[in-house]
Amino acid sequence: MTAVCFARKGHEVVGIDTDLDALGKIQKAEPPFFEPRLKEYLVEAVTEGIFAVTDDASANARSELTFMAVGTPVCEDGSIDLTHIRNTAEAIGRSIRDTTHYQLTVVKSTVTPGTARTVVRPLIERESGKTAGMGFGLCSNPEFLREGNALHDAEFPDRIVIGSEDAVAAKKLESFYEELHGEHMPPVVRTTHENAELLKYANNAFLATKISFINTIANIAERTPNADIQTIARGIGLDERIGPEFLKAGLGWGGPCLPKDVKALVEFSKTVNYNPELIKSVITTNEEQNGRALQAARKVLGSLKGKRIGILGLAFKPGTDDMREAASVPLIQELIREGASVAAYDPAALDNARKIFRNDISYSRDSLECIDGADCCIIVTDWDEFKAIAPKDFIERMRCPVVIDGRRIYDVDRYSKAGIRLSAIGLGPVARSP
Ligand code: UDX
């Protein structure tokens with residue numbers, strides 16, 4: 001994403017990776033994953049010859065700026081796995097060993113505090129025979145791209161965070177971004193490596209906290225006559241100190257970043273002798289939230305054995321085909337375990353779903369086919385096209401019109417009055433006046 005944005009602004013970009021499959025696709029200007037507008041940007045950059053890819057790390061010798069954007073998965077215990085960071089730092093070091101021009105390495109990957117200073121720097125120094133701050137520059141520069149909005153976020157970031165102990169390196173990176181963003185240059189936070197690294201974790205942990213918080217209030221609202229989380233979220237979101245974003249109650253937060261980063265922050269805290277109770281309960285609250293749809297289904301249907309359940313939405317959020325840590329995965333696994341027959345549909349993630357569930361579930365061609373003959377339908381991802389399913393579609397097609405709105409996409413009055421048995425996240429029972 002970052003690469004095509006740099007290329008679009010006229011920089012010559014070389015993408016270096018060991019994933020030959022992804023490289024092959026990019027060479028043909030095919031995005032290796034789904035992201036709106038990426039294909040268009042990629043075709044432009046590849047055909048104009050300003051974005052090329054290779055698996056040869058020595059190609060980095062020619063670069064002025066090197067962005068490390070490798071994955072930082074979590075180990076079994078939740079701590080960060082720095083294998084790719086180490087391998088890449090070594091490869092960068094080797095590639096700049098004999099170069100004579102100034103080269104700046106920028107750590108974009110999300111890494112725990114101390115990684116740039118104590119892992120990346122010594123490895124580049126060892127392999128290159130050069131010293132950071134003299135032979136080469138090193139900056140930490142976390143990114144905050146959202147899937148589904150990644151190109152927009154890369155072109156119009158809210159802020160740029162630059163961590164470095166080297167003023168020349170930090171200035172060079174800031175100038176690069178000034179030229180890139182021009183009149184849209186956002187505020188810059190110039191700081192230490194550790195602040196930049198911790199700031200990224202704090203950012204994701206805060207977003208996760210906001211969602212777990214609103215889901216907690218949603219659970220209280222569900223048990224409170226005449227309460228509705230949507231009104232409560234709107235009301236508190238109007239407080240400028242709180243803000244309206246990330247207050248949408250649902251089946252929990254997932255994806256490739258929030259879950260792994262929040263867990264890594266907990267594990268990192270242990271290494272500095274701190275027990276982050278708040279962050280830990282943000283995680284457990286999220287895990288419990290996932291079971292909310294199952295509880296609702298059991299409440300209406302009793303045993304789920306032999307029941308046909310339509311799952312609308314498999315991706316961890318709309319606008320992506322990514323199913324990493326998606327709410328749909330543990331939900332479907334549990335439905336299968338309880339003997340339900342699952343039909344699933346997603347506008348983008350069906351291919352990924354097939355790799356996970358194989359023949360254990362059936363895959364529908366569209367949302368209406370998914371609800372055909374179903375005893376219950378669960379909205380797991382808030383794709384726009386699901387909002388277009390009219391009450392009569394549910395009534396005419398389902399065996400019984402039980403809908404669990406896990407993302408609050410339907411107008412409760414309209415769907416309930418039409419005869420749908422709607423169970424919505426964060427909606428309390430209707431109390432009658434005595
Ligand atoms: C996140 C961060 O937002 C981004 O800054 C960082 O760079 C990468 O991680 P992303 O993984 O694309 O981005 O997902 P995001 O849009 O943050 O959503 C995460 C999850 O929270 C999704 O499962 C989404 O459905 C859920 N969510 C989001 C809610 O349940 N309620 C909300 O109000 C917002």
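The six strands of an open sheet are arranged in the order β10-β9-β8-β11-β12-β13, with parallel pairing; two strands are taken to pair if DSSP finds at least two bridges between them. Strands β10 (362-363) and β13 (421-424) stand at the edges with a single partner strand each, so one side of each is left without a neighbour in the sheet. Strand β8 (residues 308-312) runs parallel to strand β9 (residues 341-345), and five bridges join the two. Within this pair, I309 stands opposite V342 of β9. Strands (E, at least two residues) and helices (H or I, at least four) are DSSP runs, numbered from the N terminus.

The model is predicted: local features need pLDDT of at least 70 and side-chain atom pairs count only at pLDDT 80 or more, whereas totals for chains, interfaces and linings use all residues. Residues are numbered from 1 along each chain as its sequence is written, and side-chain values use heavy atoms, with hydrogens and water left out.

Helix α7 (residues 167-181) comprises 15 residues and reaches 21 Å from its first C-alpha to its last, close to the 21 Å expected at 1.5 Å a residue, the expected span being 1.5 Å times one less than the number of residues. Following α7 is G182, whose phi is positive, near 50°.
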